[in-house]
Amino acid sequence: MRVMVLVKATEDSEKGYHPTPETEAMMEAMGRFNDALRDAGILIMADGLMPSSAGKRVAFDGPDRRVIDGPFPEPGQLVAGFWLWEVKDMEEAVAWVKRCPNPMPGPSEIEIRPFHDLS
């Protein structure tokens, strides 16, 4: 089963990445976690995203299109990074997320969403 694992943005992540001893330690811990995912044959892809201030949205209304420049409100509804995993079931995905180091300096959330199985 393929799942998209979404690291939810926070006010801190929306400020952008700034190297400090704390953020460097977090990145090293995340690197070790990614290595474990890769070694287990689960990791397909992973990456972090720039803050929403670097992004754009395209709003659709019938044939009309409107471009909206970031930053976007409500950081907790945004995505700061993601993984694409191949796991046997949702329980395995949850078990791996519980092993993940906290991706943010403070409180954070990670969302797991399965892909449609079109077979």
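Me: Why is W85 called buried?

Reply: The model is a predicted one, and the values discussed here are computed from it. Buried means under 20% relative accessible area. W85 has a relative accessible area of 0%, so W85 is buried.

Me: What makes W83 buried or exposed?

Reply: The relative accessible area of W83 is 3%. The limit for buried is under 20%, and W83 is therefore buried.

Me: Why is the pair of W83 and W85 called tilted?

Reply: The structure holds four aromatic pairs. In the pair of W83 and W85, the ring centres are 5.7 Å apart, and rings pair if their centres lie within 6.5 Å. Planes under 30 degrees apart count as stacked and over 60 as edge-to-face, the rest being tilted. The planes of W83 and W85 stand at 45 degrees, so this pair is tilted. F33, W83, W85 and W96 form one aromatic cluster.

Me: How do you know on which side of α2 the buried residues lie?

Reply: The buried residues of α2 are T23, M26, A29, M30, F33, N34 and L37. They cover an arc of only 145 degrees around the axis, and therefore they lie on the same side of α2. P21, E28, R32 and D39 are exposed on the other side of α2. The buried residues of α2 pack against β2 (43-48), β5 (79-86) and α3 (90-99).

Me: What span is expected of α2, and what span does it have?

Reply: Helix α2 covers residues 21-39, which gives 19 residues. From first C-alpha to last it reaches 27 Å, close to the 27 Å expected at 1.5 Å a residue. Just after α2, G41 takes a positive phi of about 75 degrees.

Me: Why are the buried residues of α3 said to line one face of the helix?

Reply: In α3, the buried residues are E92, A93, W96 and V97. Seen down the axis of α3, these residues fall within an arc of 135 degrees, so they line one face of the helix. The face turned away from this buried side carries the exposed residues E91 and K98. The cover over the buried residues of α3 includes β1, α2, β5 and β6.

Me: What makes β2 and β6 the edge strands of the sheet?

Reply: The open sheet has four strands in the order β2-β5-β1-β6, with antiparallel pairing. β2 and β6 (110-114) each pair on one side only. From one strand to the next, the twist averages 15 degrees.

Me: How do you know that β1 and β5 are paired?

Reply: Two strands pair if there are at least two bridges between them. Seven bridges join β1 (residues 2-8) to β5, and the two strands run antiparallel. M4 has L84 in β5 as its bridge partner. α2 packs on the sheet, touching β2 and β5, and its direction makes about 20 degrees with that of β5. α3 also packs on the sheet, where it touches β1, β5 and β6; its direction makes about 160 degrees with that of β6.

Me: Why does L78 count as buried, and where is its place?

Reply: L78 is in the loop between β4 (64-69) and β5. Its relative accessibility is 8%, and buried means under 20%; L78 therefore counts as buried. Leaving aside residues up to four places away in sequence, L78 touches V7, K8, A9, E14, S52, R57, F72 and P73.

How values were computed
Residues are numbered from 1 along each chain as its sequence is written. This is a predicted model: local features need pLDDT of at least 70, side-chain atom pairs count only at pLDDT 80 or more; totals for chains, interfaces and linings use all residues. Side-chain values use heavy atoms; hydrogens and water are left out. The expected span of a helix is 1.5 Å times one less than its number of residues. Buried means under 20% relative accessible area, exposed over 50%, partly exposed in between (1.4 Å probe, protein chains only). The arc is that of the directions from the helix axis to the C-beta atoms. Contact means heavy atoms within 4.5 Å. Axes are lines fitted to C-alpha atoms, for helices over the stretch in contact, and angles run from 0 to 180 degrees between N-to-C directions. Rings of Phe, Tyr and Trp (its six-membered ring) pair if their centres lie within 6.5 Å; planes under 30 degrees apart count as stacked, over 60 as edge-to-face and the rest as tilted.
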